[in-house]
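Subject: Structure handover

Hi,

Here is the structure for you to look through. Please open it first, then read my notes below.

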Amino acid sequence: MADLKGLIEAVARALADQPDAVSVRESDRRGTTVYELQVASGDLGRVIGRQGRTAAALRTLLSTAAEADDQRVSLDIRDQTGRS
């Protein structure tokens, strides 16, 4: 089984200016594993990227890694205040 939580955290820490503020929570909703990535307010734009390209790439990477274990996954990205 792949460490998807660790994968998201490692990539997000590499993108963030404040890597210590990066955290990932995992929960289950209706058969889908939801990963909630939380970053510092100043890093939200860096993690989302222009027109959401970086966020889309993160979601693609997560989905591809999850397919190996036949899992359904979702990624939510928020800053420390809870905004998306």
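What share of the 84 residues in the protein chain is buried? Buried residues make up 32% of them. Keep in mind that this is a predicted model.

**Confidence**

The mean pLDDT of the chain is 90. Of its residues, 94% reach 70 or more. Among the elements, strand 2 has the highest mean pLDDT, at 94. Helix 2 has the lowest, at 92. Where pLDDT is low, predicted coordinates should not be read in detail.

**Overall fold**

The chain has 3 helices and 3 strands. Along the sequence they follow the pattern α-β-β-α-α-β. The radius of gyration is 12 Å, close to the 12 Å that the globule rule gives for 84 residues, so the chain is as compact as a globular protein of that length. The C-alpha trace spans about 35 × 20 × 20 Å along its principal axes.

Now the contacts. Take those with a separation of 6 or more: 57% of them are between residues 24 or more positions apart. The accessible surface comes to about 5,200 Å². Carbon and sulfur atoms account for 45% of that surface.

**The core**

In soluble globular proteins, nonpolar side chains tend to be buried together. Here the largest nonpolar core has 18 residues. Which of them touch the most other members? They are Ile8, Tyr35, Leu37, Leu62, Leu75 and Ile77. Helix 3 gives the largest share, 4 residues.

Start with Ile8. Leave aside its neighbours within four places in sequence. Ile8 is then in contact with Val24, Tyr35, Leu37, Leu62 and Leu75.

**Salt bridges**

Side chains of opposite charge can pair when their charged atoms come close. How many salt bridges does the structure hold? It holds 5. I picked some to walk through.

Take Asp17 and Arg46. Their side chains meet in a salt bridge, 3.8 Å from N to O. This pair links distant parts of the chain, 29 residues apart. Asp17 sits in the loop between helix 1 (4-15) and strand 1 (23-29). Arg46 is in helix 2 (residues 44-48). Asp17 counts as exposed because its relative accessible area is 56%, and exposed means over 50%. Arg46 is partly exposed, with a value of 42%.

Next come Glu36 and Arg25. Their closest N and O atoms are 3.2 Å apart. Glu36 is in strand 2 (residues 32-39) and Arg25 is in strand 1, 11 residues apart. Arg25 is exposed, at 55%.

Then look at Arg29 and Asp76. Their side chains form a salt bridge, 3.9 Å from N to O. Arg29 lies in strand 1 and Asp76 in strand 3 (residues 73-79), so the pair ties together parts that are 47 residues apart in sequence. Arg29 is partly exposed, with a relative accessible area of 44%.

Thr33 is in strand 2. Thr33 is buried, with a relative accessible area of 13%. What is Thr33 in contact with, leaving aside its neighbours within four places in sequence? The list is Glu26, Ser27, Asp28, Arg72, Val73 and Ser74.

Gly45 is in helix 2. At 52% relative accessibility, Gly45 counts as exposed. Gly45 and Val34 are 11 residues apart in sequence. From C-alpha to C-alpha, Gly45 and Val34 are 21 Å apart in space.

**Where to begin**

Find Ile8 and its contacts, including Leu62 and Leu75. Finish with Asp17 and Arg46, the pair that links distant parts of the chain.

Best wishes

Conventions: Residues are numbered from 1 along each chain as its sequence is written. This is a predicted model: local features need pLDDT of at least 70, side-chain atom pairs count only at pLDDT 80 or more; totals for chains, interfaces and linings use all residues. Side-chain values use heavy atoms; hydrogens and water are left out. A salt bridge is a side-chain nitrogen of Lys or Arg within 4 Å of a carboxyl oxygen of Asp or Glu. Helices (H or I, at least four residues) and strands (E, at least two) are DSSP runs, numbered from the N terminus. Buried means under 20% relative accessible area, exposed over 50%, partly exposed in between (1.4 Å probe, protein chains only). pLDDT is the predictor's confidence in each residue, from 0 to 100. The radius of gyration is taken over C-alpha atoms; the globule rule is 2.2 Å times the number of residues to the power 0.38. Contact means heavy atoms within 4.5 Å. Accessible areas come from the Shrake-Rupley method with a 1.4 Å probe; for residues, only the protein chains shown count as cover. A nonpolar core is a set of buried Ala, Val, Leu, Ile, Met, Phe, Trp, Tyr and Cys residues joined through side-chain atoms within 4.5 Å.
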